[in-house]
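Trainee: I have a new structure open and would like to learn how to read it. Could you walk me through it with me asking as we go?

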Amino acid sequence: MERLKSHQDFTAVLRKRHKVSDKDIVVHFVVTSVPDSNHQVDDLVSSMAKIRLGLAVTKSVGNAVKRNTVKRRFRVLAQRYEQLLPNGYSLDIVMRAKPGCYCVAFEELDRQVHTVFTKIADRITSAQQ
């Protein structure tokens, strides 16, 4: 999973986004490329597809130590559930933390990220059918 780094990339995702949220997380995503029209995904296409992740954790979450903790958790959980996303699609994803996110137990964040990534996969596959 690559990282979204530039301000232009973040704003592009937020402008053209689809949004999925849970109690402590909001995820904005945009599909940047899709597999061929007959939905066959071979190894070459799936290896060329890339998922880029950006994290938005504002000062409302807490001081720098708390914000960095939330970012580390988001990175680990996004990598853990990356396989839930459909193969062959290139996606840009921005995960945004709501203010109370730092106080939430890791297991609860784990459940929320799983739920959100499942919703993203469902939306992408239903939109392409």
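Predicted model: local features only at pLDDT ≥ 70, side-chain atom pairs only at ≥ 80, totals over all residues.

Trainee: How much of the chain is buried?

Mentor: The chain has 129 residues, and 39% of them count as buried.

Trainee: What elements is the chain built from, and in what order do they run?

Mentor: Helices (H or I, at least four residues) and strands (E, at least two) are DSSP runs, numbered from the N terminus. Here there are 4 helices and 5 strands, and from the N terminus on they run β-α-β-β-α-β-α-β-α.

Trainee: Back to arginine 52: with which residue does aspartate 9 form a salt bridge?

Mentor: Side chains of opposite charge can pair when their charged atoms come close. The test for a salt bridge is a side-chain nitrogen of Lys or Arg within 4 Å of a carboxyl oxygen of Asp or Glu. Aspartate 9 pairs with arginine 52, their closest N and O atoms being 3.5 Å apart. Aspartate 9 sits in helix 1 (residues 7-15) and arginine 52 in strand 4 (residues 51-56), so this pair ties together parts that are 43 residues apart in sequence. Aspartate 9 is partly exposed because its relative accessibility is 23%.

Trainee: And which side chain does aspartate 92 meet in a salt bridge?

Mentor: That is arginine 52 again, at 2.9 Å from N to O. Aspartate 92 lies in strand 5 (residues 90-97) and arginine 52 in strand 4, so the pair ties together parts 40 residues apart in sequence. Both aspartate 92 and arginine 52 are buried.

Trainee: How many salt bridges are there in the whole structure?

Mentor: A search finds 5. One of them joins arginine 111 and glutamate 108, at 2.6 Å from N to O. These two are 3 residues apart in helix 4, so about one helical turn separates them. Salt bridges that share partners also join Asp9, Arg52 and Asp92 into one network.

Trainee: How do helix 3 and helix 4 pack?

Mentor: Axes are lines fitted to C-alpha atoms, for helices over the stretch in contact, and angles run from 0 to 180 degrees between N-to-C directions. Helix 3 and helix 4 (residues 106-128) pack at an angle of about 45°, with their axes 10 Å apart. That makes helix 3 oblique to helix 4; angles under 35 degrees count as roughly parallel, over 145 as roughly antiparallel, 65 to 115 as roughly perpendicular and the rest as oblique.

Trainee: Which residues is leucine 77 in contact with, apart from its neighbours within four places in sequence?

Mentor: Contact means heavy atoms within 4.5 Å. Leucine 77, which lies in helix 3, is in contact with Phe106, Leu109, Asp110 and Val113. At 0% relative accessibility, leucine 77 counts as buried. Leucine 77 and leucine 109 are 32 residues apart in sequence and 8.2 Å apart in space, C-alpha to C-alpha.

Technical notes: Residues numbered from 1 in each chain as written. Heavy atoms only, no water. Buried < 20%, exposed > 50% of the residue type's maximum accessible area, 1.4 Å probe, protein only.
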